[in-house]
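Work through the exercises below with the sequence and the 3D structure open. Each task is followed by a solution in steps.

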Amino acid sequence: MILIDVEGREHSLPGGFADEAAFAAALGWTLAPEGLCRDESCVPLLGRSVTDALGLLVVHDQDAGVAAVAPSAETHHRAVAGGRAPRLDLPDVDGNPISFDALSGHKRVLVTWASWCGCRHELAGWQQLQDELAGSGLRLFSVALDHDTEDSRPWIEAVGPSYPVAVDTAHVTAERYGITNVPSVVWVDENDMVVKPPTIAPGDDQFVEFTKIESERHHEALRRWVRDGVLPESVEPPERTDAEQRALAERRVAAHLQRAGDTAAAGRHLAAAQELAPWDWTVRRGGIAMTGGDPFLGDEFVSFWEEWDAAGRPGYTPTG
């Protein structure tokens, strides 16, 4: 069995779930008499399975021999309680490791985008903002939520940003920061606290007719925060549900199967993910791109967009 962990890494587990020691090890824990142990901490099993004890949801395709885990809603909420920015270590377009945490001590902005979004054209707009505010201490960190690194490459190389750009094919960023649409930004202060949760913020106004959000609305608010410490009012996003968390695991299984050429099974898991999280664009529109559809003018996307627009654009929170 192939296990995809919460970081999106794949592990071979010949014994499957039955080999609890190997399963725990793949998740970064040691099975001991005290329970599941890591460093100085242990989690007692108390008759529970490894996944239940760790607060993980599991999606398992027994026929394909692949499973993925994602934190339950409760586990996710515990991880973000207190407002500290979650750790984020990702590869760049060439596979080199880069870290959002390396910018700690500065006011920093996490900027998410994707090749299946018009925001792929906005990296230059973010570069202008980085150049303008770098002297005031701002640091940008950009993440592409794509299925394949090569989907992101041309847009990154066309601009060659000076700020770090990661490619997150496992959508770890989406899970940890609760991002369901792009372009979204998250503001983090010098003390590593999230001071503005995921917010829709275009880098420029190329697609303002579609987004109905002028980029200056965000950029002016950002300037006031960086230069003067003034924070705008924020609308807290709704708490994530187990269904939305499970959708991320379904998507990871779908992505694995799509890369393996099992498109029929990939389609089933993607459909399950879309049913669980119907307004999550990283699953819905990103899934269209992942399976070779047209995420801009294709019938599937147009139908989804019309449904979402008629519902009042759920989850589309602009800068306050």
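Predicted model: local features only at pLDDT ≥ 70, side-chain atom pairs only at ≥ 80, totals over all residues.

**Exercise 1.** Determine which residues of helix α3 are buried, how they are arranged, and what covers them.

Solution. 
1. Helix α3 spans residues 73-80, and its buried residues are Ala73, Thr75 and His76.
2. Viewed along the axis of α3, these buried residues lie within an arc of 160°, so they line one face of the helix.
3. The face turned away from the buried side carries the exposed residues Glu74 and Arg78.
4. The cover over the buried residues of α3 includes α2 (50-54), β7 (66-71), α6 (172-177) and α9 (242-259).

**Exercise 2.** Classify serine 72 as buried or exposed, and list its contacts.

Solution. 
1. Serine 72 sits in the loop between β7 and α3.
2. Its relative accessibility is 11%. The cut-off for buried is under 20%, so serine 72 counts as buried.
3. With neighbours within four places in sequence left aside, serine 72 contacts Gly55, Leu56, Leu57, Asp242 and Gln245.

**Exercise 3.** Describe the largest nonpolar core.

Solution. 
1. This core has 45 residues; Phe100, Val109, Leu110, Trp126, Phe141, Tyr177 and Leu222 touch the most other members.
2. Elements that each supply at least two residues include β10 (107-113), α4 (123-133) and α8 (215-228).
3. β11 gives the most to this core, namely five residues.
4. Leucine 222 touches Val109, Leu129, Leu133, Leu138 and Trp187, not counting residues up to four places away in sequence.
5. A second, separate core has 16 residues, among them Leu3, Leu13, Ala24 and Leu45.

How values were computed
Residues numbered from 1 in each chain as written. Heavy atoms only, no water. Buried < 20%, exposed > 50% of the residue type's maximum accessible area, 1.4 Å probe, protein only. Helix = DSSP H or I, 4+ residues; strand = E, 2+ residues; numbered from the N terminus. Arc of directions from axis to C-beta. Contact = heavy atoms within 4.5 Å. Core = buried A, V, L, I, M, F, W, Y, C linked by side-chain atoms within 4.5 Å.
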